[in-house]
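Please keep the sequence and the model at hand while reading.

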Amino acid sequence: MDTLDARGLSCPEPVVMISQAMASKADSYRMIVDAVAARENVTRYAQSQDYTVNVTEDNGEWTLDITK
């Protein structure tokens, strides 16, 4: 599983990034974000595409494990 690094990006860039990655139709993705809005928007988008999102936080950065 590749890790998508969206730290420092503002919305909608992280959502566009995960959307483009999902074109590969993989079963799982990992994304790192450092903004609450990015965490919420990517989570919402992934769930709308029938993925499950597990979020972990470490010092103001969130890792989103996105799986089918």
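The sections below describe the salt bridges of this predicted model.

## Overview

Side chains of opposite charge can pair when their charged atoms come close. In this model, the count of salt bridges comes to four. The pairs described individually here include E61 with R7, R30 with D65, and R39 with E40.

## The E61–R7 pair

E61 and R7 form a salt bridge in which the closest N and O atoms are 3.2 Å apart. E61 belongs to strand β4, which covers residues 61–67, whereas R7 is found in the loop between β1 (3–5) and α1 (13–22); the pair therefore ties together parts that are 54 residues apart in sequence.

Both partners have some accessible area. E61 has a relative accessible area of 30% and is partly exposed, and R7, at 36% relative accessibility, is likewise partly exposed.

## The R30–D65 pair

A salt bridge also links R30 and D65, with the closest N and O atoms 2.5 Å apart. Because R30 lies in strand β2 (residues 28–33) and D65 in strand β4, this pair ties together parts that are 35 residues apart in sequence.

D65 has a relative accessible area of 17%; buried means under 20%, so D65 counts as buried.

## Surroundings of D65

D65 is placed in strand β4. The side chain of D65 also makes a polar contact with the side chain of R30, at 2.5 Å.

Which residues does D65 touch, not counting those up to four places away in sequence? With that exclusion, the residues in contact with D65 are Y29, R30, T52, V53 and N54.

R39 is partly exposed at 22% relative accessibility, and E40 is partly exposed with a relative accessible area of 37%.

Salt bridges that share partners join D5, R7 and E61 into one network. The E61–R7 salt bridge described above, with its closest N and O atoms 3.2 Å apart, involves two members of that network.

Key:
Residues are numbered from 1 along each chain as its sequence is written. This is a predicted model: local features need pLDDT of at least 70, side-chain atom pairs count only at pLDDT 80 or more; totals for chains, interfaces and linings use all residues. Side-chain values use heavy atoms; hydrogens and water are left out. A salt bridge is a side-chain nitrogen of Lys or Arg within 4 Å of a carboxyl oxygen of Asp or Glu. Helices (H or I, at least four residues) and strands (E, at least two) are DSSP runs, numbered from the N terminus. Buried means under 20% relative accessible area, exposed over 50%, partly exposed in between (1.4 Å probe, protein chains only). A polar contact is a pair of N or O atoms within 3.5 Å; within protein, one must be able to donate a hydrogen and the other to accept it, and residues adjacent in sequence count only if both atoms are side-chain atoms. Contact means heavy atoms within 4.5 Å.
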